[in-house]
Amino acid sequence: MLKRSLMLVAAWLLLPAIASAAACESWPSIVLPADRPALTTPVQQVLDQLPARPRSASPDYLADETAALDEARYLLQRALHPLPLGDIHGAWRVRSIQAGRTGAYAYPHFAGRIDRTACGFRFSKTHGSQRRSGTLLPMAEDDRVLAFLGAFTVNDDPTRPYGPDNRPLGEPAGPDGPVNSVGRLLRIGPHTLLMLLDVGDNGFELYRLER
C-alpha cells in the first residue's frame, strides 16, 4: 500500500513537467513560411556567398573589412563540422559580423546570455545598439544545432516574441517595432558558439559567442 502511494505521489509531481513538455511547440510549427529558407540554408551555400576580397572597399577600411571577411569565412568553415552543443547556459561575449557578397564588417564584443527554459533556451544580446532576443529550440534533424526564432531591435526599443506581429525579416530596424530574426546556433569550439542569422540573397549576420 505504501509503495503504491509513493508511486502515485511521484506521478502527481511529474504532471507539471509532462504538461509543460506537451505544450512545447517545435520550430517548424512556429516559423513563418517566408522565413524558413533563412533558417535552413546549408552552411556551405552561405559560405559560397563570400567574395575572395572585399568589393569597393575604401582604402581607409580595406584592412578591417578584409579581416572581417577572413573571420567570417573561418567561422563558417568550422560550422561545416559542428561539435556537440554541451553546456551553453550562462553569460557570453557576443561579436557581430555582417557579411555578404560584397564583403564583411565586424563589431566589438558586447554582453549576451543564454538561459534555460521549459522548452529549450532563450538567447539575449543585452548590450550594443543592435540587439536580438528570442527562443532556441531543438532541431530534430540535427541534435548539434538549435533553431533561433526571435526579434531584432535597436538600443532600448521594446521587443516582442517572434511572429506575424513583427515587421518582416530583412527590413531595417527602427522605432516602428521589432523585426523578425531567425537562424541557427551551433558549437564550433570548446569555448565558442556561432549563430548564423537572417540568411538572404544579399547577406547574413554571424554572432560569435565566446567565454
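The model is a predicted one, in which local features need pLDDT of at least 70 and side-chain atom pairs count only at pLDDT 80 or more, whereas totals for chains, interfaces and linings use all residues. Residues are numbered from 1 along each chain as its sequence is written, and side-chain values use heavy atoms, with hydrogens and water left out.

The side chains of Arg132 and Asp198 form a salt bridge at 2.8 Å, N to O; the term denotes a side-chain nitrogen of Lys or Arg within 4 Å of a carboxyl oxygen of Asp or Glu. Because Arg132 belongs to strand β4 and Asp198 to strand β7, the pair ties together parts that are 66 residues apart in sequence. Helices (H or I, at least four residues) and strands (E, at least two) are DSSP runs, numbered from the N terminus. Strand β4 covers residues 130–139. Since its relative accessibility is 4%, Arg132 counts as buried. The side chain of Arg132 also makes a polar contact of 3.0 Å with the side chain of Tyr207. A polar contact is a pair of N or O atoms within 3.5 Å; within protein, one must be able to donate a hydrogen and the other to accept it, and residues adjacent in sequence count only if both atoms are side-chain atoms. Leaving aside residues up to four places away in sequence, Arg132 touches a set of residues including Phe123, Phe148, Phe152, Leu197 and Glu205, with contact meaning heavy atoms within 4.5 Å. Asp198, for its part, has a positive phi of about 50° although it is not a glycine.

Eight strands form a closed barrel in the order β1-β2-β3-β4-β5-β6-β7-β8, with antiparallel pairing. Neighbouring strands of this sheet are turned by 30° against each other on average, direction ignored. Strands of a sheet pair through backbone hydrogen bonds, either parallel or antiparallel; here two strands pair if DSSP finds at least two bridges between them. Strands β1 and β2 run antiparallel and are paired over nine bridges, with Ala99 having Ala104 as its bridge partner in β2. These two strands form a hairpin with four residues between them, and Gly103 in the turn has a positive phi of about 150°. On β1 there is also a pairing with β8, antiparallel and made of seven bridges, in which Ile97 stands opposite Leu206. Strand β3 (residues 121–125) is joined to β4 by four antiparallel bridges, and Phe121 has Leu136 as its bridge partner in β4.

Helix α5 (residues 62–79) lies across β1 (90–99), β2 (104–116), β6 (179–189), β7 (192–200) and β8 (203–210), and runs at about 75° to β8. The angle is taken between N-to-C directions, on a scale from 0 to 180 degrees, of axes fitted to C-alpha atoms, for helices over the stretch in contact.

What meets Arg95 in a salt bridge? The partner is the side chain of Glu71, at 3.0 Å, N to O. This pair links distant parts of the chain, with Arg95 in strand β1 and Glu71 in helix α5, 24 residues apart. Glu71 is buried because its relative accessible area is 13%. The structure holds ten salt bridges. Another of them joins the side chains of Arg113 and Asp115 at 2.9 Å, N to O. Both ends of this pair are partly exposed, since Arg113 has a relative accessible area of 31% and Asp115 one of 28%.

One disulfide is found in a search of the whole structure, the term meaning a pair of cysteine sulfur atoms within 2.5 Å. The disulfide joins Cys24 to Cys119, S to S 1.9 Å, and the link is left-handed, with -85° about the S-S bond. Cys24 lies in the loop between α1 (2–23) and α2 (27–30) and Cys119 in the loop between β2 and β3, so this link ties together parts that are 95 residues apart in sequence. Cys24 is partly exposed, with a relative accessible area of 26%, and Cys119 counts as partly exposed at 32%.

Note on methods:
Buried means under 20% relative accessible area, exposed over 50%, partly exposed in between (1.4 Å probe, protein chains only).
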